[in-house]
Amino acid sequence: MSGMHSFAAWTAFALLASTIDARPQVHRHRTPHREGFAAAPTSAPSRGQPYANASSTASPIGQPSSPHPLNDTNSTSATSSKYPAKFRGVNLGSWLVLESWMTPDVFQGTDAVDQWTFDSTNGAEAKLQQHWSTYITEGDFQNMSSWGINAVRIPIGYWAYNNSGTPYISGADAYLEKALGWARQHGIWVMIDCHGSPGSQNGAEHSGHAGAVSWQSDDNLQLSIAVLQTIAAKYGAMQYADVVMGIELVNEPKIGSDANSLATTQAWAAQAYHAVRATAENKALYILHHDGFTGVQSWAAVGAELNSAPDEDQGTFALDLHLYQNQDPADKSLTLDQHIAKACAYPTTDLLLPSNTSTTSLPLFIGEFSAQISIPNTTDGIWTPDLVEGTREFFEAQIDAFEHSSRGWFVWSLKQGSDSGAWSLEAIMENVYAGDAIDKRKYPGICPFG
C-alpha cells in the first residue's frame with residue numbers, strides 16, 4: 001500500500017469514534033512522587049496531572065557484541081520474523097526532549113518550564129550540547145545489553161527536523177544517529193518516538209511546549225506528516241533495517257472536547273501511516289500510534305483496515321499503550337497485592353482485543369510503564385528489603401502480563417537525572433535485580449494466566 005489517503009476516506013472511523021470523543025478519558029503520563037513505595041529517592045519537583053480533564057554518522061554495519069543477539073526470536077509472522085520474540089526495552093527519557101522534573105540540573109538558573117522556553121534562554125545551545133553528549137553514552141548501551149535489554153524507545157521532538165518559526169534549537173538528530181550506532185554495536189533495537197508534535201499534541205511539558213493543544217489547528221497535522229516522512233526517509237532506509245524496528249507517529253495525543261478529536265486523530269493516523277510506509281524502504285518497520293488513552297477497543301477497526309494488506313505486509317501498524325499505576329488517584333489507595341492483581345489482569349482488561357481482532361491486525365506495544373507506585377507505611381528514600389522485594393514482585397507481574405499479551409514493553413525510564421528511585425531502570429537493576437538479567441524471574445508464575 002502506498003500513497004496518502006484523504007481524511008474523507010476514513011468516514012467510517014469518524015463514525016466509530018464520534019461516541020468515544022465525548023467520554024472522559026483517563027490520561028496516565030508520568031508525574032513524580034515523593035512519598036511511599038518505590039517512589040524515591042527523588043529530588044524532582046511535584047507536577048500536576050498533565051491532562052486535567054482527561055480519563056553525525058552511525059557506526060558501520062557489523063556483528064553485534066551483545067550476548068542477547070538481535071535475531072533471537074521464535075516468531076513466525078512475516079512482519080516480525082527478524083525481530084526478537086519479545087521486545088524488552090527502556091525509554092531514554094529527558095535526553096533529546098527535556099523534562100524538568102527528570103533533569104532539573106539542566107534547567108537550573110532559568111525560569112523555563114519546557115523545551116520551548118528553555119531553548120529561548122541565554123546559553124541554551126551550549127547547555128543542550130553538554131546534556132546531549134553526556135546524559136546518554138555508549139556505556140549506557142553496554143550496560144543495557146548486559147541486563148538483557150534488547151530495545152530502546154528514543155523520544156525526539158519534531159523540531160529536530162523542522163524548527164522554522166519556533167525558538168527550538170536543532171541538533172538532536174545527530175545524537176539519535178550516534179545512539180543508533182551504539183545500539184547496533186550492542187545488539188539493541190531502536191524505536192524512534194516523535195514525542196513532541198507541531199502545535200503540541202497534548203499541552204504537556206513532555207510535548208516540548210506546555211499550554212494550549214493546537215496539534216489539530218492550522219497546518220500542524222500536515223507538518224507532522226512532513227516531519228515523519230523526513231524521519232522515515234532517513235531511518236526507514238535499508239541501511240538502518242538491522243537496528244531501527246519502529247517509528248512512532250505521535251505520543252499521547254490528548255483526546256477531548258478541549259483538545260483533539262478522536263475521529264480526526266484516527267483519520268490522521270491512517271494518512272500518516274500510509275505516508276510513512278510509502279516513504280520507508282524497510283517494509284518490516286513497525287509504524288506505531290499512541291491510543292490517546294481511549295483504549296484498545298477504539299482502535300481495532302483502524303488496525304484491521306491498515307493491516308489488511310497481503311501477508312508480507314501485515315502487522316506493521318501497531319498501537320502503543322502507556323500503563324502506569326501511579327497516575328490515577330484511585331491507584332494511590334491500592335495495596336501491593338492489589339497493584340500486582342491489577343497488573344496480572346491486564347490481558348483481560350487494558351490489553352484485551354475484541355473477539356474478532358487478532359494480534360496481527362492490531363499488534364500492541366507497551367511504550368511506557370513504571371515500577372513506581374505509592375504504598376503507605378514504607379520507608380521513603382531507602383531501598384529497604386521490603387521495598388526491594390515489593391518492587392521486584394510488581395515489576396515481574398507487569399512484564400509477565402505484557403509479554404503474555406503484547407509484542408513487548410519499554411519501561412520509563414533509563415535514568416531520572418541523578419536520582420536512584422524506581423523511575424530509573426538503572427536503580428532497579430542495581431538495587432532490585434542486583435546482577436540478575438531482566439528476564440530472570442524470582443517470582444515465576446506470579447500471574448496465574450489461564
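Helices (H or I, at least four residues) and strands (E, at least two) are DSSP runs, numbered from the N terminus. The model is predicted: local features need pLDDT of at least 70, side-chain atom pairs count only at pLDDT 80 or more, and totals for chains, interfaces and linings use all residues. Residues are numbered from 1 along each chain as its sequence is written, and side-chain values use heavy atoms, with hydrogens and water left out.

Start with confidence. pLDDT is the predictor's confidence in each residue, from 0 to 100. The protein chain has a mean of 85, and 79% of its residues reach 70 or more. Among its elements, strand 2 (residues 151-157) has the highest mean, 99. Helix 1 (residues 11-21) has the lowest, 38. Over residues 1-28 pLDDT stays under 50. Residues 33-78 are also below 50. Where pLDDT is low, the predicted coordinates should not be read in detail.

Eight strands close into it in the order 1-2-3-4-5-6-7-8, and the pairing is parallel. Two strands pair if DSSP finds at least two bridges between them. On average, neighbouring strands of this sheet are turned by 25° against each other, direction ignored. Strand 1 (residues 87-91) pairs with strand 8 (residues 408-411) over four bridges, in the parallel sense. There, Gly-89 has Phe-410 of strand 8 as its bridge partner.

Next come the helices. Axes are lines fitted to C-alpha atoms, for helices over the stretch in contact, and angles run from 0 to 180 degrees between N-to-C directions. Contact means heavy atoms within 4.5 Å. Helix 11 (residues 385-405) lies across strand 1, strand 7 and strand 8, running at about 145° to strand 8. Helix 7 lies across strand 3 and strand 4, at about 175° to strand 4.

How do helix 7 and helix 8 pack? Helix 7 (residues 220-235) and helix 8 (residues 262-279) meet at an angle of about 30°, with their axes 9 Å apart. That makes helix 7 roughly parallel to helix 8; angles under 35 degrees count as roughly parallel, over 145 as roughly antiparallel, 65 to 115 as roughly perpendicular and the rest as oblique. The contact includes Leu-221 and Leu-228 of helix 7 and Trp-268 and Val-276 of helix 8.

Finally, look at two loops. Most residues other than glycine have a negative phi, and most peptide bonds are trans. Ser-94 has a positive phi, near 60°. Ser-94 sits in the loop between strand 1 and helix 2 (104-107). The peptide bond from Trp-412 to Ser-413 is cis, with omega near 0°. Ser-413 belongs to the loop between strand 8 and helix 12 (425-433).
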